[in-house]
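Dear colleague,

Please find below the structure that I am handing over to you. My findings follow directly after it.

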Amino acid sequence: MPTDTFETELRAAFDDIAAGIPDAAAARVAEHRYAPRSRRRVVIPAACVAIAVAGAGAGALVLNRQSSHAGRAAHAGTGAQAPRVQLIAQVRKAVAAANGDMFHAVSTAAGAPRGERWASADGSRLHIAVFDAAGTKTEDILYVTTSPGHVDATVVNDANHTWSQESDVLPPVPAGATPAQGPAVAKNVAQGPTSAAQIEQMLVADGFTKTGTGVVDGMATYTISATLGDTTIAIAVDDSTNLPVHVHIGQPANPSIVDSSIQWLPVDQSLLTLTPPAGYTHVANADAS
Amino acid sequence: MTNKRTRDARRQFDAFVRDSTSGLVRTAYLLTFDLAEAEDLAQETFTRVAARWDSIRHMEHPRAYARRVLVHLVYDGASRRARWRAELSAATHDDARGFEPADRSASAPFARIDDMTVLQRALAALPEVQRAVLVLRYFEDLTEAQIADLLGCSPGTVKKATWRAMARLRDTIEAHSTGCADHAPATR
């Protein structure tokens with residue numbers, strides 16, 4: 001057979017193989033919520049504070065890697081992902097195993113209200129509570145992903161007793177964001193990791209390595225860190241469970257931008273729903289920030 | 001202004017994912033012959049592209065960039081990297097010894113490929129580098145120079161890897177054909 005013919009057969013073989021790949025495979029990949037970044041994704045801390053004080057929304061960092069591994073989830077037990085550092089693999093495994101639990105985080109950041117959040121295992125339901133400097137809750141927001149890339153939000157404003165319902169807001173972006181990238185509501189709040197799935201993805205993507213040990217809330221921990229540009233992310237991991245318990249995000253100019261304490265709790269559906277209290281007024285936009 | 005720019009970027013990215021996912025998963029599968037891994041690699045590719053989307057979206061061929069990311073992800077697996085380097089190194093040593101692939105004529109007769117499954121199996125059994133150059137050459141339609149640039153080797157190395165892969169495929173197919181003829185039922 002002439003070479004040309006063989007090459008034609010080869011092309012046909014590749015096409016046949018490719019044609020045999022189920023559409024669902026591509027669909028699974030496309031379904032995930034990727035978060036394209038703009039140039040202004042990293043805002044210097046001073047700017048964050050200034051923006052927050054101005055009431056225009058705080059911005060800090062973007063760690064918006066969401067979703068678990070499509071292929072692993074769909075083909076558990078088949079194939080092999082590229083080997084990674086064993087320690088990080090342990091953390092990922094623990095996070096994946098804890099994915100049936102509810103993710104709970106409390107985040108603080110200079111110049112931004114304290115944020116507390118609860119997320120379902122896959123991050124599709126995310127409840128954020130915003131607290132003022134005195135510790136009083138000022139706002140409740142529930143984000144519900146209705147389909148890939150589409151997020152509805154219910155906002156309850158405790159400061160002026162109003163509530164609103166918004167459709168197709170931008171997905172909540174963890175760890176703060178520029179106003180343009182962040183959700184349409186709850187901009188002015190310290191934002192850290194939002195779900196187990198997001199942490200798992202972060203561990204895959206950002207080249208974490210072990211950088212030390214410590215004690216967090218009486219628990220022996222080890223620290224894994226990664227650097228993205230001039231931003232450092234340090235995750236304290238419970239030595240006994242391999243689950244992250246604290247995430248610290250810093251930059252040289254401001255070593256403490258966002259600190260998040262993380263708990264892994266049994267699922268409490270009441271925290272993943274939000275009903276406006278009786279007597280609150282329905283408005284077009286109850287966003288307080 | 002920034003909001004509009006971000007929304008535009010988001011829309012462009014969504015369209016890019018929508019248009020290129022299928023092709024990327026297919027290429028990833030042909031490179032790995034592991035569907036789960038192919039999906040993971042495609043997802044990781046989009047994640048990385050998303051991280052630089054503001055720059056990439058202005059490129060003439062964003063998909064080419066994504067393909068480059070994908071190939072590097074495949075290449076970057078530690079065990080793969082070791083194997084790929086060994087294979088590329090072997091090709092380089094062949095260069096040094098003056099190995100001439102042309103000593104096996106490209107127009108040598110082959111068994112007719114009647115059974116594509118045999119070819120598919122042979123492709124799956126190829127060393128990864130050899131399969132990669134074939135995928136990039138005959139599925140992605142890249143030139144040898146483009147493949148060399150992607151893999152970080154010389155065009156000559158790509159040429160030899162291609163030749164080796166083709167030779168191995170032909171041997172496999174011929175062996176299969178011969179085996180079939182030897183064991184063919186008399187009534188056939």
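In this predicted model, helix α2 of chain A (residues 23-31) packs with helix α2 of chain B (residues 35-51) at an angle of about 30°. Angles under 35 degrees count as roughly parallel, and α2(A) and α2(B) are therefore roughly parallel to each other. Their axes lie 9 Å apart, and the crossing of α2(A) and α2(B) is right-handed. On the side of α2(A), the contact is made by A:Ala25, A:Arg28 and A:Val29; α2(B) contributes B:Leu35, B:Glu39, B:Ala42, B:Gln43 and B:Phe46. Sorted by class, this contact of α2(A) with α2(B) comprises five nonpolar, one polar and two charged residues.

With regard to the nonpolar cores, the largest has 60 residues, of which B:Val25, B:Ala28 and B:Val133 touch the most other members. Helix α1 of chain B (residues 2-32) gives the most to this core, namely 10 residues. Apart from it lies another core, of 42 residues, which includes A:Ile128, A:Val151, A:Ile235 and A:Leu243.

Leaving aside residues up to four places away in sequence, B:Val25 touches A:Ile21, A:Ala25, A:Ala26 and A:Val29 in chain A, and B:Ala38, B:Glu39 and B:Ala42 in chain B.

As to chain B as a whole, it has nine helices and zero strands. Of its 188 residues, 41% are buried. Among the contacts in chain B with a separation of 6 or more, 66% join residues 24 or more positions apart.

With kind regards

Methods
Residues are numbered from 1 along each chain as its sequence is written. Chains are lettered from A and ligands numbered from 1 in the order in which they are written. This is a predicted model: local features need pLDDT of at least 70, side-chain atom pairs count only at pLDDT 80 or more; totals for chains, interfaces and linings use all residues. A nonpolar core is a set of buried Ala, Val, Leu, Ile, Met, Phe, Trp, Tyr and Cys residues joined through C-beta atoms within 7 Å. A residue is buried if 20 or more other C-beta atoms lie within 10 Å of its own, exposed if 12 or fewer, and partly exposed in between; C-beta atoms are placed from the backbone. Helices (H or I, at least four residues) and strands (E, at least two) are DSSP runs, numbered from the N terminus. Two residues are in contact if their C-beta atoms, placed from the backbone, lie within 7 Å. Axes are lines fitted to C-alpha atoms, for helices over the stretch in contact, and angles run from 0 to 180 degrees between N-to-C directions. Angles under 35 degrees count as roughly parallel, over 145 as roughly antiparallel, 65 to 115 as roughly perpendicular and the rest as oblique. A crossing is left-handed if the near helix is turned anticlockwise from the far one by less than a right angle, and right-handed if clockwise. Ala, Val, Leu, Ile, Met, Phe, Trp, Tyr, Cys and Pro count as nonpolar, Asp, Glu, Lys and Arg as charged, and the others, Gly among them, as polar.
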